[in-house]
Amino acid sequence: EGDADPAEGDADPAEGTIAEVAAENGSFGTLLTALTAAGLADTFADPEAGPFTVFAPTDDAFAALPEGTIEAALADPEGLLTEVLTYHVANGAVLAETVVTLPSVVTLNGKEVTIEVVDGGVVLNGSVNVTMTDIEASNGVIHVIDAVLLPPVLGTIAEVAAENGSFGTLLTALTA
């Protein structure tokens with residue numbers, strides 16, 4: 001019976017949840033901060049949740065966003081921030097060998113991310129490169145990406161501005 005436990009451990013080499021593995025890696029501080037702000041961190045820290053596939057942007061990927069983007073998302077944790085974060089996650093633990101066979105994946109927010117193999121590398125939505133694959137966790141898998149995936153915006157600028165509620169002056173100017 002003593003041999004059964006180590007064998008089980010060898011069969012599942014993943015130690016720690018997605019949140020723990022990401023924290024130990026050290027390259028995902030902004031992602032972890034954003035997950036906490038959106039109230040999603042506990043989900044990825046829960047060994048019973050998932051499994052999930054996370055396309056995880058590094059801190060450098062977040063830093064490359066236009067100035068003010070992160071702040072704007074953090075200011076709207078239940079809206080924009082959650083929309084962006086859930087666009088980086090799919091249900092199920094999909095390893096790289098399967099990812100490369102898919103034309104797209106549906107994310108937790110219901111929108112698709114396209115997948116292409118270009119010159120031996122995996123490219124999401126035509127411009128985001130997967131730089132590392134198959135970082136396994138007890139509740140899923142992480143694939144590292146070099147840019148933040150931004151979900152397609154539905155509606156016109158005026159519709160999005162009206163829905164946000166913070167752009168009354170802009171809407172007045174557009175109407176004029």
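Residues are numbered from 1 along each chain as its sequence is written, and side-chain values rest on heavy atoms, with hydrogens and water left out. Because the model is predicted, local features need pLDDT of at least 70 and side-chain atom pairs count only at pLDDT 80 or more, whereas totals for chains, interfaces and linings use all residues.

**Sheet and packing**

- Seven strands form an open sheet with mixed pairing, in the order β2-β1-β7-β6-β5-β4-β3; strands (E, at least two residues) and helices (H or I, at least four residues) are DSSP runs numbered from the N terminus, and two strands pair if DSSP finds at least two bridges between them.
- At the edges stand β2 (89-91) and β3, each of which has a single partner strand, so one side of each is left without a neighbour in the sheet.
- From one strand to the next, the twist averages 30°, where axes are lines fitted to C-alpha atoms, for helices over the stretch in contact, and angles run from 0 to 180 degrees between N-to-C directions.
- The strands β5 and β6 run antiparallel and are joined by two bridges, and L124 has V128 in β6 as its bridge partner.
- Helix α2 (residues 18-25) packs on the sheet and touches β1, β6 and β7, its direction making about 35° with that of β7; contact here means heavy atoms within 4.5 Å.

**Salt bridge**

- A salt bridge is taken as a side-chain nitrogen of Lys or Arg within 4 Å of a carboxyl oxygen of Asp or Glu, and by this rule the count comes to one.
- The salt bridge is formed by K111 and E83, whose closest N and O atoms are 2.3 Å apart.
- K111 lies in the loop between β3 (104-106) and β4 (112-118), while E83 belongs to helix α7 (residues 77-86), so the pair ties together parts that are 28 residues apart in sequence.
- K111 counts as buried at 17% relative accessibility, whereas E83 is partly exposed, with a relative accessible area of 26%; buried means under 20% relative accessible area, exposed over 50%, and partly exposed in between, with a 1.4 Å probe and protein chains only.

**The surroundings of N139**

- N139, in the loop between β6 (128-137) and β7 (140-145), is buried, with a relative accessible area of 1%.
- A polar atom of the N139 side chain lies 3.2 Å from the backbone oxygen of F44, and the side chain of N139 also reaches the backbone oxygen of D46 at 3.1 Å; a polar contact is a pair of N or O atoms within 3.5 Å, of which, within protein, one must be able to donate a hydrogen and the other to accept it, and residues adjacent in sequence count only if both atoms are side-chain atoms.
- Leaving aside neighbours within four places in sequence, the residues in contact with N139 include T17, I18, G50 and P51.

**Backbone features**

- The peptide bond from G50 to P51 is cis, with omega near 10°, and P51 is found in the loop between α4 (41-45) and β1 (52-57).
- D119, although not a glycine, has a positive phi of about 50°; D119 is found in the loop between β4 and β5 (121-124) and is exposed, with a relative accessible area of 84%.
- D134 is not a glycine either, yet has a positive phi of about 55°; D134 is found in strand β6 and is partly exposed at a relative accessible area of 30%.
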